[in-house]
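Here's a quick tour of a protein model, written for someone who likes to have the coordinates open alongside. Have a look at the sequence and structure first, then read on.

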Amino acid sequence: MLALIVWRWRGGSEDASAEPAKASVSQAPASASAPVKAPLPAAGSSAVPQQAVAATPPPPTPPAPTPGTSPAVPPEPPPIELPPTTQVLTEEFFPGTTEWDGVPVDEDHRYELRILPVRYNVVAPMPIAVQLEMINRQGQRQPLPSPRVRVRSLENAAQAWIDVPVKDDGSGSDTQAGDLLYTATLQPNEDQKKQLYGQVLVEGAVEVPGTGLRVVPSGLIYTRGPRAKLTGRWRDFVRQGHLELEAELEVEEAGLFTLMAQVFGPNLEPIAWVKQMEHLPGGRGHITLEVFGKVLHDSGIDGPYRVREVLLTRDYDNSSRYEPGVTVEEAHRTRAYRASEFSPDAYTPPKRDVEEITAEHPSQRDKPPPERTRIMVPATDSSPPPASNAPPQTPQNLGH
């Protein structure tokens with residue numbers, strides 16, 4: 001009986017002191033995916049009383065698998081309902097931008113030195129502009145002692161640094177004088193352009209009295225651009241239950257191009273992110289973005305749809321290298337389609353026809369067999385069994 005009372009007292013104390021865990025939210029980078037927002041509680045729903053939650057026993061924990069083994073049945077992957085070229089958009093993101101990078105200035109972390117490229121994708125002849133600031137714990141800017149900024153190619157560590165003057169006087173790319181938001185502006189000459197094309201390493205630095213030099217790094221892309229541009233002419237239409245967005249381009253140099261865009265409702269309701277890759281010759285050409293019908297149908301949002309944050313890049317086969325252009329904030333507005341006009345059908349991945357290549361395949365005729373091929377034959381022991389009255393065998397000394 002005493003044990004039961006102690007058990008109830010311990011259980012009640014633990015439940016009363018427990019606090020609900022806070023969910024951590026991670027911010028996604030400026031790419032094609034965005035953070036998913038947690039759904040709000042349905043109207044009219046009632047919260048479960050805390051006492052009822054405490055009294056409900058937790059579900060039994062499944063036994064952990066034996067180390068070195070896998071679960072008998074792997075979990076089923078989620079169904080694929082959209083093609084790779086159309087994804088659900090939960091909030092708007094801004095291609096060609098980046099976030100502040102910072103380092104503490106003092107050991108007590110009372111001040112932080114921060115750096116931010118004004119543009120991450122810098123297309124020549126645009127200037128390279130970098131902002132530098134120092135803030136306290138309340139986010140208030142502080143005067144910078146001897147601010148410095150320098151740049152060089154990220155790929156070539158042996159390249160000499162290029163020093164960039166830092167201003168807070170409203171000149172160059174500095175928007176306001178005396179606001180303690182310092183800006184370094186570099187208008188590269190022809191030799192500097194050749195040195196910097198590609199990924200650029202940026203360093204901001206201040207000399208702190210009594211502490212020493214503090215350096216904060218960042219980076220950007222300096223490029224000639226995709227050597228193609230959008231003319232601003234778009235055409236939209238429905239085909240096989242999907243929304244087609246045809247963009248006209250003027251191509252200066254033939255190549256492989258990727259066009260990306262974000263689709264919103266008339267009141268900037270995020271709906272979809274879409275992309276398409278095409279090889280285009282020089283001259284006038286087109287790239288058509290297909291907004292898969294299901295994403296529009298399921299959104300329940302009627303048009304006209306707004307095509308925003310459009311980015312054109314030049315890509316290269318079998319390489320991660322790319323040369324971006326300038327992001328177009330508002331590119332096109334479609335006709336007033338209804339969401340019910342679009343197909344609710346899920347995406348069906350194309351079947352993969354993979355031919356099995358065996359030793360008998362015609363392509364393997366007159367070819368030598370694979371290396372390290374052997375036939376496994378079970379070993380047989382033909383020696384007679386030892387007599388039942390034979391003395392026990394002693395282990396051999398392999399050292400002699």
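**Ground rules and overall picture**

This is a predicted model, so to speak a computed one throughout: local features need pLDDT of at least 70, side-chain atom pairs count only at pLDDT 80 or more, and totals for chains, interfaces and linings use all residues. Numbering starts from 1 along each chain as its sequence is written, and side-chain values use heavy atoms, with hydrogens and water left out.

How confident is the predictor in the protein chain? Mean pLDDT (the predictor's confidence in each residue, from 0 to 100) is 82, with 74% of the residues at 70 or more. Where pLDDT is low, the predicted coordinates should not be read in detail.

The protein chain has 20 strands and four helices. Both are DSSP runs numbered from the N terminus, helices being H or I with at least four residues and strands E with at least two. Of the 400 residues in the protein chain, 32% are buried, where buried means under 20% relative accessible area, exposed means over 50%, and partly exposed lies in between (1.4 Å probe, protein chains only). Take the contacts in the protein chain with a separation of 6 or more: 63% of them link residues 24 or more positions apart. The accessible surface comes to about 27,200 Å², and carbon and sulfur atoms hold 54% of that; such areas come from the Shrake-Rupley method with a 1.4 Å probe, and for residues only the protein chains shown count as cover.

Two strands count as paired if DSSP finds at least two bridges between them.

Strand 11 (residues 198–208) runs antiparallel to strand 12 (residues 212–223), with 11 bridges between them. On its other partner, strand 7 (residues 148–153), strand 11 is held antiparallel by six bridges. Gly204 is a handy landmark here: its bridge partner in strand 12 is Val216, and Val149 stands opposite Gly204 too.

Is strand 5 buried or exposed? Nine of the nine residues of strand 5 (residues 128–136) are buried, so the strand is largely enclosed by the rest of the structure. Both faces are covered: Ile128, Val130, Leu132, Met134 and Asn136 are buried on one side, and Ala129, Gln131, Glu133 and Ile135 on the other. In a regular strand the side chains alternate between the two faces of the sheet.

Here are its antiparallel pairings:

| Partner of strand 5 | Bridges |
|---|---|
| Strand 3 | Seven bridges |
| Strand 10 (residues 182–186) | Five bridges |
| Strand 6 (residues 141–142) | Two bridges |

Tyr111 stands opposite Asn136, Val130 is bridged to Ala184 in strand 10, and Met134 has Gln142 as its bridge partner in strand 6. Strands 5 and 6 form a hairpin with four residues between them, and Gly139 in the turn has a positive phi of about 80 degrees.

Arg114 sits in strand 3 (residues 111–117). Leaving out residues up to four places away in sequence, Arg114 touches Trp100, Asp101, Gly102, Gln131, Leu132, Glu133 and Ile135. The side chains of Arg114 and Glu133 are joined by a polar contact of 2.6 Å. A polar contact is a pair of N or O atoms within 3.5 Å; within protein, one must be able to donate a hydrogen and the other to accept it, and residues adjacent in sequence count only if both atoms are side-chain atoms. Arg114 and Ile135 are 21 residues apart along the chain, with 7.9 Å between their C-alpha atoms.

His361 is found in the segment after strand 20 (328–333). With a relative accessible area of 17%, His361 is buried. Its side chain makes a polar contact of 2.8 Å with the side chain of Ser363. Beyond four places in sequence, His361 touches Glu355 and Glu356.

Definitions and conventions:
Contact means heavy atoms within 4.5 Å.
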